[in-house]
Amino acid sequence: MSLEKIYDYFRNYDKQTYQVVACMGNEPSEQDIKNFENQYGINLPADFREFTMSPLGGLYMEVREEIWPRAKQFDIGPFWSFCRGIIVYGIAKEIPEFLDIRAKTKELHNDGFTDFIPFLSIIGNGDEIFCFDKDNKVVLLELDYYTAGDATPIEGSFSDCLLKQIEELEERKNRKIGGENKTS
């Protein structure tokens, strides 16, 4: 199962390279999940439910600043060079608002995107968010000015999507460390 690959990754990830924060010890109860599902009339996918109830739920993963310095105002570079981390929204007790799926869902619904439940964002890319649609399928929702509301289906499950985003973050980190984003 893909979740097992995710758990294995985080048991062995490079702590010198990545800053990882998760709910660890504040995992939501089954009732917390049910309350969220009842509020929005949904049933979350089984692998997402399991993940959000694990110590990794409400995940923030970012390449450490000393390895990937943060962009300064007016910095230019390839788009990928600003995408330095991953957020998986969770339902943990006392979770910070920026990681809270309840807050992010409310925000998205207030913006008119009521057919979607957000579950993953790429740090540095505010124009796209991974969501579950009404049928619990994974979609990439475009939030930019020109394509607002376009939802592109993504193959696979939540676990597949998260693994792919971790792999892509590793690739971006390697490109950044290799100096590939330097402008001449």
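Is Asp-8 buried, partly exposed or exposed? Select Asp-8 in this predicted model and you will find a partly exposed residue, with a relative accessible area of 36%.

**Next, from helix to helix.** Select Arg-49 and Glu-30, whose side chains form a salt bridge at 2.8 Å, N to O. Arg-49 belongs to helix α3 (residues 46–52) and Glu-30 to helix α2 (residues 30–40), so this pair ties together parts that are 19 residues apart in sequence. Arg-49 is buried, at 15% relative accessible area, whereas Glu-30 is partly exposed at 35%.

**On to helix α5.** Pick Lys-173 and Glu-170 for another salt bridge, with 3.4 Å between the closest N and O atoms. These two are 3 residues apart in helix α5 (residues 158–177), separated by about one helical turn. Lys-173 is buried, with a relative accessible area of 10%, while Glu-170 is partly exposed at 21%. The structure holds 10 salt bridges.

**Last stop, a strand.** Select Glu-62 in strand β2 (residues 59–63). Glu-62 counts as buried, at 5% relative accessibility. Show the side chain of Arg-84 too, and you will see its polar contact with the Glu-62 side chain at 2.7 Å. Other residues that Glu-62 touches include Thr-17, Tyr-18, Arg-70 and Ile-123.

Definitions and conventions. Residues are numbered from 1 along each chain as its sequence is written. This is a predicted model: local features need pLDDT of at least 70, side-chain atom pairs count only at pLDDT 80 or more; totals for chains, interfaces and linings use all residues. Side-chain values use heavy atoms; hydrogens and water are left out. Helices (H or I, at least four residues) and strands (E, at least two) are DSSP runs, numbered from the N terminus. Buried means under 20% relative accessible area, exposed over 50%, partly exposed in between (1.4 Å probe, protein chains only). A polar contact is a pair of N or O atoms within 3.5 Å; within protein, one must be able to donate a hydrogen and the other to accept it, and residues adjacent in sequence count only if both atoms are side-chain atoms. Contact means heavy atoms within 4.5 Å. A salt bridge is a side-chain nitrogen of Lys or Arg within 4 Å of a carboxyl oxygen of Asp or Glu. Lists of a residue's contacts leave out its neighbours within four places in sequence.
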